[in-house]
Amino acid sequence: MKLLVNFSKGKKNAPIIAQVVKETGVLISVERAVIDSSEGEALIEVPDNQCKLVRSSMTRHGASVRLLEHGINVNTSECVDCGACISICPREVFSFDTDWKLAIAEDRCIVCGKCVPACPHSALTLPL
Ligand code: SF4
Ligand code: SF4
């Protein structure tokens with residue numbers, strides 16, 4: 001399962017993900033992270049059956065955690081299958097099917113948002 005984690009680094013500057021891995025023993029895969037001197041946001045992947053454990057440990061360490069059940073959303077009534085989103089996505093979420101219609105591998109999406117402004121028909125939105 002994918003979890004979106006937001007955290008403040010605080011005075012101790014403690015590495016929250018490393019702490020949670022150590023505390024829970026769960027191997028966490030970091031799919032995307034943006035961290036500056038004071039705060040950070042990370043998209044992590046954890047096994048389904050250990051999601052609750054990781055989530056509560058993260059929360060105990062002061063992070064806010066949101067379960068991401070969906071990736072990018074495509075409004076199919078607006079999409080014209082132009083393909084502009086295909087090359088811009090770093091995770092190869094988009095492709096053409098055999099009929100040259102847009103195909104989406106939503107589970108590959110890391111919610112980076114790069115494709116959203118690239119769509120000339122505003123057909124792409126990030127999950128709330
Ligand atoms: S949000 Fe990022 S990873 Fe997801 S489909 Fe768009 S470009 Fe690809
Ligand atoms: S850029 Fe927009 S209109 Fe073009 S294929 Fe992608 S979602 Fe469809």
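A residue counts as near a ligand if one of its heavy atoms lies within 4 Å of that ligand. The legends below describe a predicted model.

**View 1. Residues around ligand 1 in the predicted model.** The shell includes four cysteines, Cys89, Cys109, Cys112 and Cys115. Ile72, Pro90, Val93, Phe94, Ile110, Val111, Gly113 and Leu126 are also part of the shell. By class, eleven of the residues around ligand 1 are nonpolar and one is polar, while no charged residue is present.

**View 2. Residues around ligand 2.** The stretch Cys79, Val80, Asp81, Cys82, Gly83, Ala84 and Cys85 belongs to this shell. Leu102, Cys119, Pro120 and Leu124 also surround ligand 2. Nine residues of the shell are nonpolar, one is polar and one is charged. Asp81 is the charged residue, because Asp is in the charged class and Gly is in the polar class.

**View 3. The four-stranded sheet.** The sheet is open, and its strands are ordered E2-E3-E1-E4 with antiparallel pairing. Strand E2 (29-35) and strand E4 (64-68) form the edges, each pairing on one side only. From one strand to the next, the twist averages 15°.

**View 4. The pairing of strands E2 and E3.** Strand E3 covers residues 39-45 and runs antiparallel to E2, joined to E2 by six bridges. Opposite leucine 43 in E3 stands arginine 32.

**View 5. Helix H2 across the sheet strands.** Helix H2, made of residues 51-60, lies across strand E1 (2-8), E3 and E4. Relative to E4, the helix runs at about 155°.

Conventions:
Residues numbered from 1 in each chain as written. Chains lettered and ligands numbered in written order. Predicted model: local features only at pLDDT ≥ 70, side-chain atom pairs only at ≥ 80, totals over all residues. Heavy atoms only, no water. Pairing = 2+ DSSP bridges. Helix = DSSP H or I, 4+ residues; strand = E, 2+ residues; numbered from the N terminus. Axes fitted to C-alpha atoms, helices over the stretch in contact; angles between N-to-C directions. Contact = heavy atoms within 4.5 Å.
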